[in-house]
Amino acid sequence: MTDGAEPTWVVLGRVDDSTVVAVALDAAAQELSRARIARADLAGWVEREEERHHPRWVWSDAPQWYGPIVAAGHRVARCHDLRLVHGILRDSALVRSDASVKDPSSWDAAPTAPDADGGALFELGDAESVTTPHDIDAALAEFRRQRDAIAEGAGATRLRLLAAAESAGGLIAVELQAAGVPWDAGVHDAILRDALGPRPLSGGVPAKMLSTAERVRSALGDPSVSLDSQPKLLRALHRAGVQVASTSRWELAQHAHPVIEPLLEYKKLARLLSANGWAWLDDWVTGGRFRPVYVPGGVVTGRWASSGGGALQLPRQLRAAVRADPGWKLVVADVAQLEPRVLAGMSRDTGLADAARGRDLYSGIVDSGGAASRDEAKLAILGAMYGATTGDSGRLVPRLRRIFPRAMALVDDAARVGEDGGIVSTWLGRSSPPPSPEWAETLARATEADATPAHELAARRLTRDRGRFTRNFVVQGTAAEWALAWLADLRLRLADMRGSAADAPHSRSGPAFAQHPHLAFFLHDEVIVHAPASTADAVADAVAGAAGTAGHLLFGDFPIDFPLDLRITDSAEKS
DNA sequence: AATTCGTCCTGC
DNA sequence: TCAGGCAGGACGAATT
């Protein structure tokens with residue numbers, strides 16, 4: 001692959017267990033050359049081609065192909081992830097319904113978690129099937145289907161951007177897992193000891209939990225009741241005269257009884273121990289790094305999911321354990337009110353964009369006359385995006401509708417389409433899944449002559465539920481696209497900074513790229529970059545610059561800005 | 001004994 | 001926290 005025209009794309013595929021083939025394609029997807037490579041040599045070969053030609057790599061799935069490359073200490077700049085892009089194109093309303101990419105195929109199968117051996121990643125419906133999406137012929141065929149689907153659809157520019165952003169997300173997820181979040185187990189242990197007492201031997205109950213449990217039992221007048229069983233606890237509460245329907249915190253908090261305070265305390269401690277206690281620390285933190293498994297595109301809206309480690313639910317209480325290595329800094333950034341800003345951009349609502357200018361969108365809404373106070377503005381915006389119709393939140397929405405008619409029309413239309421069983425799409429073209437056959441069935445039954453009021457009520461509920469789903473889908477999904485664009489641009493900016501801190505102290509662990517400024521954490525609208533202290537200011541500029549780029553990529557010159565809460569610290573603790 | 005379901009709590 | 005979106009994980013209870 002050294003002679004001839006420059007490859008634009010290089011498709012990697014499996015030949016057999018020990019051999020892969022790389023097919024170089026020109027911009028028109030015409031084959032330029034082929035190379036057979038021993039699987040063991042692949043990472044080095046990819047690195048050399050990356051240096052020479054910086055192609056866009058095409059592969060079935062990032063964990064399968066890129067995982068080993070990262071493990072070998074290399075990176076690539078750009079890829080096209082066939083699995084992730086397939087998931088988008090299959091459902092996208094911007095792709096013609098007769099496009100072959102929408103035909104049922106093994107690409108529809110949900111991937112199984114990548115195992116340590118890099119084994120089966122796709123659940124194939126047919127166990128006898130001899131070809132997998134990882135095979136070169138399957139990859140080439142799917143790549144051509146996807147190119148055609150994008151080019152012939154109604155939104156080629158947007159879909160190309162979405163495919164690139166989603167694929168970059170695939171790379172970033174692999175790199176994030178490899179790098180890990182710098183995690184100080186000592187700080188984590190100190191938090192646990194402070195709350196629970198010393199770590200008990202062999203998974204016993206910590207001292208402070210035991211004493212709190214005793215306070216609960218004595219307030220209940222029942223020395224033996226189990227606090228860990230909802231039904232038993234509920235019965236004990238009733239016997240003690242606390243008439244609650246559930247044992248949830250918010251309901252307990254509404255009652256006055258000596259048992260309430262210690263019980264709430266007990267639940268807090270039990271939660272900390274079971275969700276993020278010493279067992280979690282043992283399982284998920286090694287070598288000073290927390291390595292969650294990220295699942296790009298794992299949520300219907302396009303948000304990432306996580307699997308293992310609970311990266312989506314890191315409690316604030318534990319964020320103090322996120323600590324930069326000695327001589328390093330954390331650059332922590334999150335976007336203030338990302339979703340309403342995205343809504344302003346999508347709807348071209350200049351009134352909402354004006355209110356969003358500056359730091360705090362909610363105060364801006366108050367100044368625009370959209371709400372009486374900041375708290376009301378926040379409630380109203382949440383109600384608008386989640387579909388509240390009653391209560392404090394729903395009551396505030398009509399005023400928003402008058403002040404920001406374009407923005408509100410966008411979400412109201414999305415809700416109406418959803419209620420009618422239709423499909424809605426994000427700004428870049430990710431579409432909502434169609435309603436299930438059961439959904440349509442229930443609705444049909446409610447219109448039959450012998451339908452009962454119960455049928456009609458069920459149907460009404462279903463339509464409203466789906467309206468709220470599609471209403472939120474367009475906003476949450478577009479926010480996820482903005483975040484991907486932000487992340488992808490930031491990643492490239494950080495890669496350009498390699499070598500800018502040659503004197504930096506060696507970082508504790510991780511792949512080679514983690515010796516330079518690198519992404520360490522991502523959650524919906526927040527990123528954490530781990531960086532040598534001398535580079536932290538430049539990294540902060542890169543984070544902010546990437547946010548500007550993302551805004552322009554999605555919304556062009558429309559004047560909506562995305563201000564960041566950005567800080568350079570040793571700890572990711574939130575104020 | 002193994003699997004699924006429901007409750008509760010965490011995050012955005 | 002009552003109304004209103006998207007998630008994951010732990011645990012006990014119910015089901016097989």
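**Exercise 1.** How many residues surround DNA strand B, and which are the closest?

*Solution.* This is a predicted model, in which local features need pLDDT of at least 70, side-chain atom pairs count only at pLDDT 80 or more, and totals for chains, interfaces and linings use all residues. Residues are numbered from 1 along each chain as its sequence is written, while chains are lettered from A and ligands numbered from 1 in the order in which they are written. Counting a residue as near when its C-beta atom, placed from the backbone, lies within 6 Å of the strand, one finds 16 residues around DNA strand B, with S246, S248, R249, Q313 and R316 the closest. Helix α10 (residues 260-276) gives the most to this surface, three residues, where helices are DSSP runs of H or I with at least four residues, numbered from the N terminus.

**Exercise 2.** Determine which residues come nearest to DNA strand C and which element supplies the largest share of the surface there.

*Solution.* Among the 34 residues around DNA strand C, those that come nearest are S229, S274, A388, G391 and R468. The largest share, five residues, is then traced to α19.

**Exercise 3.** Describe the crossing of helices α3 and α4.

*Solution.* The axes, lines fitted to C-alpha atoms over the stretch in contact, with angles running from 0 to 180 degrees between N-to-C directions, come within 11 Å for α3 (residues 82-91) and α4 (residues 136-152) and cross at roughly 40 degrees. Therefore α3 is oblique to α4, since angles under 35 degrees count as roughly parallel, over 145 as roughly antiparallel, 65 to 115 as roughly perpendicular and the rest as oblique.

Notes:
Helix = DSSP H or I, 4+ residues; strand = E, 2+ residues; numbered from the N terminus.
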